[in-house]
Amino acid sequence: MKKMKSVSITLLAAAVLTMNGVSAFATSEPVRELSVQVKGQEIGKLAIDDKQQQTILVPLREVAESLGYEVSWNSQTKAAEVKKGAVWSYAKAGEDRYPFARMYKSVGATPKLINGNTYVPVAFVEQILQTPVQVSGNSVSVAAEEEQDYTKKAGTITSIRNTDGKVSILLNGYQRGILLHVADETKIVTADGKEAKAADLKLGMEIEVVHEKFMAMSLPPQTAAKEIVIKNSMQTEDVLGTFGSVASVEDNKDGGVRIAVEGERLTDNSFEKIHLLVNDQTKIVTTDGNKALAIADLKKDAKVFAFYSPKLTRSAIPQGVAEKIVVEPTDNLVTVEPAAAEEPKK
């Protein structure tokens, strides 16, 4: 009799917990868990396969906050509220009823409270948060479509064009780089988050770019820049630049080396031939991954982007100090002309 009474109490407790959404999976079967990525980044909690509702439940707070929403708990209504701009809604355990566009919407499944955390059906993310979700195998990808459209690339601005107010920048040279079109809607900020504009982009700057994955098949390939972060600026504000071959490398009596660069001007007031002192203050990197090089790595016939101050000697071939040298890769090196700017095809 005592045994039957004990079993009855256990079943009653499980039922109460399930009704309150605290123990959503009172079952002897193991619950399938799935990893969750938002915009390609793994979040801290796993999703759960809710076989009873035939849907996948994801942790609301972690997913929503990764999408830029503010998440708060309303103790009076016992609901998790989400807000971003003019969008506001909530998820309450056991209720398939969500505020949306000044109405209430049903998505075909209810949220559940699991260990004090609100889990929502993937349909809530898709229909209420208006974000695409993909479930494949044991993983859930949120905002995967946006992640597929854009990618990131970092490096050095090796050339800048301004044609009738339309700015294009060459990132990482001709051999391994890309030509990026900067539009009015391109977001430009400094490393500390301050707003900047296209006019602030200078030769030799180190930047990180978010750009469209689609590229026009030119040499170099070209596409549109969505966001540019200025990571590091040159010491000289109005830096000059020459792209060409290293004609000679000579040891300098005061240390470092003197190089002669012959090629094309990168600005109107730059020079096709320039003699530059390269010392331990000169930054030397490659266009292939922005890898640091030593002075000894500068060789005759190397293709380089040389950046220098306007403070030069008035000799037949001007002389100055190199602030930065960006070296093109030498493997399978071919001489190319800069690609003509064109609008990326949609």
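This short talk covers the strand pairings, the salt bridges and the aromatic contacts of one structure.

Good morning. Please bear in mind throughout that we are looking at a predicted model.

I begin with the strands. An open sheet is formed by three strands in the order β5-β6-β7, with antiparallel pairing. β5, residues 70-74, and β7, residues 87-91, stand at the edges with a single partner strand each, so one side of each is left without a neighbour in the sheet. From one strand to the next, the twist averages 20°. Strand β6, residues 79-84, is joined to β7 by five bridges, and K84 stands opposite V87 in β7.

Next, consider strand β14, which spans residues 150-163 and is joined by seven bridges to strand β18, residues 206-212, in an antiparallel arrangement. Here K152 stands opposite V210 of β18. β14 also runs antiparallel to strand β15, residues 166-171, with six bridges between them. T163 has K166 in β15 as its bridge partner. These two strands, β14 and β15, form a hairpin with two residues between them, and D164 in the turn has a positive phi of about 55°.

I turn now to charged side chains. How many salt bridges does the structure hold? The count is nine, and I shall present three of them.

K45 and E62 meet in a salt bridge at 3.0 Å, N to O. K45 lies in the loop between β2 and β3, whereas E62 belongs to helix α2, residues 60-66; the two are 17 residues apart. K45 is partly exposed, at a relative accessible area of 26%.

In a further salt bridge, between D50 and K112, the closest N and O atoms are 3.2 Å apart. This pair links strand β3, which holds D50, to strand β10, which holds K112, across 62 residues. Are these two partners buried or exposed? D50 counts as buried at 1% relative accessibility, and K112 counts as buried at 10%.

K324 is in strand β25, residues 319-327, and E206 is in strand β18, 118 residues apart. K324 is buried at 2% relative accessibility, and E206 is buried with a relative accessible area of 14%. Together with K283, these residues, E206 and K324, are linked in a network of salt bridges.

Finally, the aromatic rings. There are five aromatic pairs, and ring pairs link Y174, F243 and F305 into a cluster. R97 lies over the face of Y104, 3.7 Å from the ring centre.

Thank you for your attention.

Terms used: Residues are numbered from 1 along each chain as its sequence is written. This is a predicted model: local features need pLDDT of at least 70, side-chain atom pairs count only at pLDDT 80 or more; totals for chains, interfaces and linings use all residues. Side-chain values use heavy atoms; hydrogens and water are left out. Rings of Phe, Tyr and Trp (its six-membered ring) pair if their centres lie within 6.5 Å; planes under 30 degrees apart count as stacked, over 60 as edge-to-face and the rest as tilted. A charge sits over a ring if NZ of Lys or CZ of Arg is within 6 Å of the ring centre and within 35 degrees of the ring normal. Two strands pair if DSSP finds at least two bridges between them. Helices (H or I, at least four residues) and strands (E, at least two) are DSSP runs, numbered from the N terminus. Axes are lines fitted to C-alpha atoms, for helices over the stretch in contact, and angles run from 0 to 180 degrees between N-to-C directions. A salt bridge is a side-chain nitrogen of Lys or Arg within 4 Å of a carboxyl oxygen of Asp or Glu. Buried means under 20% relative accessible area, exposed over 50%, partly exposed in between (1.4 Å probe, protein chains only).
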